[in-house]
Amino acid sequence: MANEATGRAATAGSLGESLAGKYLTFQLGAEEYGLAILKVREIIGLLDITSVPRTPDFVRGVINLRGKVIAVVDLRAKFGMVTVEDTEQTCIIVVDAQAGDRVMQMGVLVDRVSEVRDIDAGSIEPPPAFGLAIDTSFILGMGKVSERVLMLLDVDKVLSVNELLAVDTVASDF
Amino acid sequence: MSDVTMESGAALSGAAGGAEALLGSLVAALDAADVGDLPGLAALHTRLQQATSGLPESSALRARLLDAAGTIEAVVLGDVADPVQTLAELAHDLADSCDETPESGTADMTAVLDQIAEALLLVEADDLPALASLHTQFERIADWAEAEAEFEVAKVASEAGSLLEAIVLAEVADEAAALRSIMASVEALQSVVRDGRQARDVAMMRPSTPVAEVEPLAEVDADQPVAAAAAQPQKIEGDESLLGDFVAEAREHLEACDVNLLTLETDPTHDEALNAVFRAFHTIKGVAGFLALRDVTRLSHEAENVLERARSGSLLLEGMVVDVIFEAVDLLKALVQAVHDALHGDGMLAVFPELDEVVPRLKLIGGAPAGAKLGDLLVQAGLVTKGAVDSALQRQSTGNLKLGEQLVKDGDAKPKDVAIALRAQKSAAGGRQAQSPSMATDTVRVDPDRLDRLIDTIGELVIAESMVSQADDIRGLGSASVQRQISQLDKITRELQELGTSLRMVPVRATFQKMARLVRDLGVKTGKQVEFATTGEDTELDRSVVERIGDPLVHMVRNAVDHGIETEVDDRLAAGKPAVARVELRAFHKGGNIHIEIHDDGRGLDKDAIVAKAIERGIIKEGEPLSDREAYALIFEPGFSTAKQVTDVSGRGVGMDVVKRNIEALRGAVDIRSEKGKGSVFTIRLPLTLAVIDGMVVRVGDERYVLPTLSIVTSIRPSAQTLSSVLDRGEMLDVQGQLVPLFRLSSLFGIPGAIEDATEALAIVVDDDGRRVCLLADELLGQQQIVIKSLGETMRGLLGISGGAIMPDGLVGLILDVSGLVKLAEGNGLALDLV
Amino acid sequence: MKALVVDDSGVMRRIVIGALAKADITDVVQAGDGQEAVAAVVEHDFDLVLMDWNMPNLKGIDAVREIRAMGCKMPIIMVTTEAEKSRVLEAIKAGANNYVIKPFEPQMLIDKVTDTLARASA
């Protein structure tokens, strides 16, 4: 049975219901994001990342997570934000991403992890529509918590496999 | 019985039964004892001492056991002149004790009856051991009465026994009443035995409590309702992880079934196979019952019944009977798959209308008593209505058709069902006596994830160990003892690593077994008679290799039967070969590799035809000189097929090119030998393990990469003379007189900071499927064994990188894939077409 | 309270263990056939054994005989199916204390276990 922790709701009415729950919040610059806690495996400090050639910029590379090789995606780069030097607070959130019918672990590089928050159905709104200019497809909804706004991420979409291989597909299609 | 004090039935059976069994086993152990085997003797000594623990101080048996223990101690200590003789005597003595243990009293039944009466007063209806021992007492009385020709007494006693059994089995509504009734019988028996009353009076005193009507069990009896309900899709319920485990376990059982059924087909009296198949159905049924898997329960129950009959000797598993069981196995596989799918889908189980065909067939076979009439069998199984049989019988009397033929002619029965019924009838007539030894397995099953975790953890340990042992701080200590301890740690770590790797190895047996089934099915489908044999099933391969070699093997075995074996038996006979063709799978180690060979004694490959076809398909040009091997290898080219007609069996659009690609993906190779008219041998060569390879670590700029040592031919420092550039785009290197294209890893991968001047760098000559290319790197860092890790779904299909490896410093190193690199270079327009 | 659960089906062992857990019996050792069961009994002290009937290597009833022959007295409950019901008495004579028929509700197993343990300690 699919573990639809982030369940994608078709209608705005049931959106809040389907998204309510615990979220791990983190920051990218001034913006705050949320990841459904059920998707999060662990949070690890920044460690040496081996860069992988011929992958998009937002793929930082691969790390050794206790003997397992997992890919790490730089969310700033992924969202087209200005990249910054890593700091003491930079860390990797290891998530379970759904790829087809398999679940795989991936790392998400973020500026800072904040806290785990309960977000109830009432404080969730649908993602804003900016038209074609800004792709918001990987935002499930906007959560309002104490006057701040959290972007609730659809981690499966953010870490879509096809995108990771985008560069390569071009290369092999010559 | 006389010297056993009886307080309750339980005490009685416990002491007497236990002592008997114990003595028996001790005597057997003594008989088998070897005077040289001191640990064995010591163990025996312990057992003898332990055996005395439950016996009263005054017991003669206890004294004898202690004596025996003493004697064995003397043998161990060498205090005995002739130990062999001593042990033999001891065994003999103890055997005598065995015989002396109390048998049921012959003359004085009065005492026994008194004891029973006393026990009956005390016994509680849920004290099963006590009830069971009372049952034993009644059996003894019945035996005694039989011997004394007191048949009425025997009858009463055995009926009391049956009633006790019914209480044990909870088949009695009012247990207290049943016990009172037994008590009354005992009193009557007492009066007969003690007072010599007429036995016929006893008959009046038979226990009378009726055995409760046992409710028919749903799974046994509810076929009609269940069949009706089966049309409704069922939703799976319950623990998902249990269901998942069930799927895995059931699959394992069903696969074993295939093999054992094949064995049974050639030897219907093969007990091990029979028991294994029975147990498979039995276990599946048992678990499915808990998981509320209605269809699985129903089907496995019927299949179990058939096997139970075979085990009891009243049904011979042959021909059509085996076919039906195969059907059941296949359907069960589908049902189990449906559970799997439901688990990973919407939770709804698929509906299988075939159930209503297979279940009645199984019923037919499972329920055919010797001498049953065909019509009755068909009606019983629910395949034909009673009315249809009656009217067929009427019409049959006017014509000269047999009943089965009439039913088929009238359209009331399917020919297959009639055939099965006839077969079942015949099988039931020719039953056999069965024995049941059990099958030997001595393995522990481990969750593969845990195994992988163990191996991963060992991998980390190896890395951590090397980091510690190479740490400057430790080296700086200059302590000889620390160094010794570290090298000891190093040795153990390495042993552990080897052990870990070996854990991943599994025998190819299961894969071969699947092929047996395949060959059988293909034989039936193509109408070819094929005998299948395997050798080296115990040869081990990495688990992941075994998983992935299945498909290529299926394809090749298919090819062997479909294309290799002659269609006409006459062709075989004309070629001086036996009518029954032979396909054989062999596995063995050779030169650090595992070889799997597929032999067939068919018509062999036709080199001319292959070459002609390859020319026609534009794979080669006309007039190219080809060795046999090269010609045969053409069948692995994409778009090649030698089959004159596309058949149901092999013509599935997947060519041998896919086979070759799959095998190469496992770092293996495939090769063909063939002789026209005699047969072919396809050889798959595979590395021992996928997990570990020898790698050369190279540096490019700040990055480092691993190259599989096997693909490296040599490495040289280019000189200005050997370097040449072509059209200012491609570079070539003269390697011992041969011009080899040179690729810079730095430009392929866009790595900054690498050495620009090739004469300052290192050219590594690698082999890419027979073709040489040079890779330019900055320097060689060293050679090491590496454990290959997948980069995961995310990175699959990444050109030029085949995987990752955990390096000794804990970082991930990327493993280069030579043929991918060449493709990459060609795609970038860096490579030159040399032809 | 330490229990031994003997069954050649891993799933079945999990089912039995799950039911035992509801009775707070969590210290459980598993055995996959009669031989393993006997070996486990040699190695540990059990307060309870749940024994399947039909297993490879050594059948449940024979394992019960061996365990009793070693002088072990802990209660043994046979976990049987309808098919073996006709031989339940035989199993009890071999030394089993009680039996439960598959498929069972967890509560039924717990009741049997509780009754059997109470009777054994009485």
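The model is predicted.

**Helix pair in chain B**

Helix H24 (residues 509-526) and helix H25 (residues 543-564) of chain B have axes that come within 10 Å. They cross at roughly 30 degrees. Angles under 35 degrees count as roughly parallel, so H24(B) is roughly parallel to H25(B). The crossing is right-handed.

H24(B) brings Thr511(B), Phe512(B), Met515(B), Leu518(B), Val519(B), Leu522(B) and Thr526(B) to the contact. Residues on the H25(B) side include Val546(B), Ile549(B), Gly550(B), Leu553(B) and Val554(B). Arg558(B) and Asp562(B) of H25(B) also take part. By class, the contact has 11 nonpolar, 3 polar and 2 charged residues.

**Interface of chains B and C**

The size of an interface is often given as the accessible area lost when the parts come together. Chains B and C bury about 3,200 Å² between them. Carbon and sulfur atoms account for 56% of that area. The contact involves 39 residues of chain B and 32 residues of chain C. There are 5 salt bridges between chain B and chain C.

**Salt bridges**

Over all chains, the count comes to 51 salt bridges. Two examples follow.

| Lys93(C) | Glu139(B) | 3.0 Å |

Definitions and conventions. Residues are numbered from 1 along each chain as its sequence is written. Chains are lettered from A and ligands numbered from 1 in the order in which they are written. This is a predicted model: local features need pLDDT of at least 70, side-chain atom pairs count only at pLDDT 80 or more; totals for chains, interfaces and linings use all residues. Side-chain values use heavy atoms; hydrogens and water are left out. Axes are lines fitted to C-alpha atoms, for helices over the stretch in contact, and angles run from 0 to 180 degrees between N-to-C directions. Helices (H or I, at least four residues) and strands (E, at least two) are DSSP runs, numbered from the N terminus. Angles under 35 degrees count as roughly parallel, over 145 as roughly antiparallel, 65 to 115 as roughly perpendicular and the rest as oblique. A crossing is left-handed if the near helix is turned anticlockwise from the far one by less than a right angle, and right-handed if clockwise. Contact means heavy atoms within 4.5 Å. Ala, Val, Leu, Ile, Met, Phe, Trp, Tyr, Cys and Pro count as nonpolar, Asp, Glu, Lys and Arg as charged, and the others, Gly among them, as polar. Buried area is the accessible area (1.4 Å probe) that two parts lose on being put together, summed over both. A salt bridge is a side-chain nitrogen of Lys or Arg within 4 Å of a carboxyl oxygen of Asp or Glu.
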